[in-house]
Amino acid sequence: MPTPTIDRTLDEVLNLAAAHFKVPREKLKPDDDFFKTLGIDSLQALDLLTRLEHHFRIELPDYELQGVSDFRTLANRIQSRL
Amino acid sequence: MNEFKGQTLSWQMLNGAIELALHRDPCNEIGSLTLEELERFAAVLPGLVSEAHALLIHSTLPAGFSAGADLRELFQRGREMEKVAARRGVRDFLERIHAVMNALDAAPLTTIAAVHGVTFGGGFELALVCDIMIADRMARFCFPELRLGLIPGFGGIPRLKRDLGNSVVRDLLLTGRSFNVMKAQQIGLVSQIAAEGEALRVARATASQVGKFDRRTAAAAKAFVKPIPYEELKREIDIFCDLYSRPAVEEGLRRFVENEGPQPYLP
């Protein structure tokens, strides 16, 4: 299966976050701070990470997310594991 | 005592299995009150064993199985007490929790951890004493102690070494990273994965299966295949106490406790 493009990965990240945290998809922008936009804490961020790992069938060590708070960088970290 | 409802945990007998439920907000942090109630459970366990074929340990809280040791209590006690007394207090706490963990580990009935969500540090160590681990799809595991300048102190390293290859133990311990249930099953920690919210049901079904066998035979099989690494467990306490006395640990605990940012659980 070909590797999805970064735009596709970013779109899937935004879709999954919107669906799980019940936020309208159109309110989420790639450069948003996901802690603020989704209103989540670190434990919920780990929950999001687990869902993303399952969705993309990857393992993404949480230390790679240190200091990451926007969807675009998160999607880039995921892309590097696909 | 077949039934108990405490402030941090409860137990009851259900269909021939003892169910130990953790319920201390926010995520079953293990401090002195939890320890007291765990000791109470360990004290009555020999009497319960004659009536039960299995022990299930689970959490009723949505956040997860347990976030581990109560770091706020550890930090606070370290600040309030004179250093020598604080160190003695830490050693006393560790020896007491090891006695509980060892009693659960050696209990002559089949023990099953049904975990979900955050299963970190001391919570992970509690799950590791069980014979079988059943995990919710959203469970996440971690030994974050090195971030604080410590090692796991509730028996985690010797029990991980008992169950896993050494290179895997090094990876989990030295990176302090959290990992999901797929990884946990792949390395051999988790025996069954349940859908979200289904770990306890799956654990109960497993306990029911276990109950079909002769109890004495099951206890003999368990004792044969599951040695308890007592010497390494004692050594772990010594290493933890040596590390705890360094100023870097107080600083690490302070950073965690005083962190009001969104990422205290991320390394």
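**Figure 1. Packing of helices α1(A) and α3(A) in the predicted model.** Helix α1 (residues 6–20) and helix α3 (residues 42–56) of chain A pack with their axes 11 Å apart and at an angle of about 130 degrees. Axes are lines fitted to C-alpha atoms, for helices over the stretch in contact, and angles run from 0 to 180 degrees between N-to-C directions. Helices (H or I, at least four residues) and strands (E, at least two) are DSSP runs, numbered from the N terminus. The angle makes α1(A) oblique to α3(A); angles under 35 degrees count as roughly parallel, over 145 as roughly antiparallel, 65 to 115 as roughly perpendicular and the rest as oblique. The crossing of α1(A) past α3(A) is right-handed, a crossing being right-handed if the near helix is turned clockwise from the far one by less than a right angle, and left-handed if anticlockwise. Glu12(A), Val13(A), Leu16(A), Ala17(A) and His20(A) of α1(A) make the contact with Leu48(A), Arg51(A), Leu52(A) and His55(A) of α3(A). Two residues are in contact if their C-beta atoms, placed from the backbone, lie within 7 Å. The contact of α1(A) with α3(A) comprises five nonpolar, two polar and two charged residues. Here Ala, Val, Leu, Ile, Met, Phe, Trp, Tyr, Cys and Pro count as nonpolar, Asp, Glu, Lys and Arg as charged, and the others, Gly among them, as polar.

This is a predicted model, in which local features need pLDDT of at least 70, side-chain atom pairs count only at pLDDT 80 or more, and totals for chains, interfaces and linings use all residues. Residues are numbered from 1 along each chain as its sequence is written, while chains are lettered from A and ligands numbered from 1 in the order in which they are written.

**Figure 2. Packing of helices α1(A) and α4(A).** The axes of α1(A) and helix α4 (residues 71–79) of chain A cross at roughly 120 degrees and come within 9 Å. The two helices are therefore oblique to each other, and their crossing is right-handed. From α1(A), Ile6(A), Thr9(A), Leu10(A), Val13(A) and Leu14(A) meet residues of α4(A) that include Phe71(A), Leu74(A) and Ile78(A). This contact of α1(A) with α4(A) holds eight nonpolar residues, three polar and one charged.

**Figure 3. The open sheet of chain B.** Seven strands lie in the order β1-β2-β3-β4-β6-β8-β11, with mixed pairing; two strands pair if DSSP finds at least two bridges between them. β1 (4–5) and β11 (192–194) of chain B stand at the edges with a single partner strand each, so one side of each is left without a neighbour in the sheet.

**Figure 4. Two hairpins of chain B.** β1(B) and β2(B) (residues 9–14) pair in the antiparallel sense over two bridges, and a hairpin through three residues joins them. Phe4(B) stands opposite Trp11(B). Trp11(B) also stands opposite Leu20(B) in β3(B). β2(B) pairs with β3(B) (residues 17–22) in the antiparallel sense over six bridges. Two residues lie between β2(B) and β3(B) in their hairpin, where Asn15(B) in the turn has a positive phi of about 50 degrees.

**Figure 5. The contact between chains A and B.** Each chain is represented in the contact, with 15 residues from chain B and 15 residues from chain A. The side of chain B that touches chain A has eight nonpolar, four polar and three charged residues.
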